[in-house]
Amino acid sequence: MPPAQLIVTERRLRLGVMASGSGSNFEALVEACQTGRLGAEVELLIVNNPNAGALKRAERLGIQSQLLDHRLYGSRQELDQALVTRFQAAQVDLVVMAGWMRIVTETLIQAYPERLINIHPSLLPSFRGAKAIRQALEAGVKLTGCTAHLVELEVDTGPVLVQAAVPVLPGDSEASLSERIHRQEHRILPLAVQLAAERIGLLDQG
Ligand code: GRF
């Protein structure tokens, strides 16, 4: 499927969001749009599991959502093709993986070249993978954080858009550190969307 055309426009960016969990980053994006901090609108949320808290948030926030249960697809590519079809129908310009706990394939990446953003709870390239916060605690680092980056095929790689550092405090648990990292994620994710849009000419700069 060919990628969407580059467009230079003053209209609001149309965003698609993918989430598997609680959806606090999804909500932070919606809030940034609704308060005008980000000149965008979240058009569609897709979750891959029926228990994702993000679904309830979407209902409360009045954002359209769809469930694509990954267990009903024969391969990662088929799930990704279903995502692409839904996002293209919603005419989204950029797609944000806001806690998407599935490995994505070229099917999705090639449909949104330089337009697919991931948020990860570490200072990449340190601590890639699903247990980044635990790994940081186990390694004993004094500083960790979060990274918003463009998505490439290898998990948790790709050009960095924005990072925020978060100190690891004495006595930190996974929960306490995760809470402080989340606060920074909510701050940098809208900024990353803005930067991703600017670098490919989707937003007027200045
Ligand atoms: C975030 O920590 C994000 O970095 C990771 O998954 C978590 C999602 O949290 N990829 P939430 O569902 O947005 O609260």
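1. The largest pocket has a volume of about 780 Å³. A pocket is an open set of points on a 1 Å grid over the protein atoms alone, where a 1.4 Å probe fits and protein lies on both sides within 12 Å along at least five of seven lines. The volume is the space filled by probe spheres set on the points.

2. This is a predicted model: local features need pLDDT of at least 70, side-chain atom pairs count only at pLDDT 80 or more, and totals for chains, interfaces and linings use all residues. Residues are numbered from 1 along each chain, and side-chain values use heavy atoms, without hydrogens and water.

3. The lining of the largest pocket has 36 residues. G99, W100, M101, I119 and P121 lie nearest its centre. Lining residues have an atom within 4 Å of a point. α6 gives the most, with 4 residues.

4. The ligand sits in this largest pocket; that is, more than half of its atoms lie within 2 Å of the pocket's grid points. Among the residues around the ligand are G21, G23, N25, H120, H182 and E185, each with a heavy atom within 4 Å of it.

5. Polar contacts are pairs of N or O atoms within 3.5 Å. A polar side-chain atom of S24 is 2.5 Å from a ligand oxygen. For the side chain of S22, the distance from an N or O atom to a ligand oxygen is 3.0 Å. P121 uses a polar backbone atom, 3.4 Å from an oxygen of the ligand. Taken alone, the ligand exposes 370 Å², and the protein buries 87% of that (Shrake-Rupley method, 1.4 Å probe).

Notes
A polar contact is a pair of N or O atoms within 3.5 Å; within protein, one must be able to donate a hydrogen and the other to accept it, and residues adjacent in sequence count only if both atoms are side-chain atoms. Helices (H or I, at least four residues) and strands (E, at least two) are DSSP runs, numbered from the N terminus.
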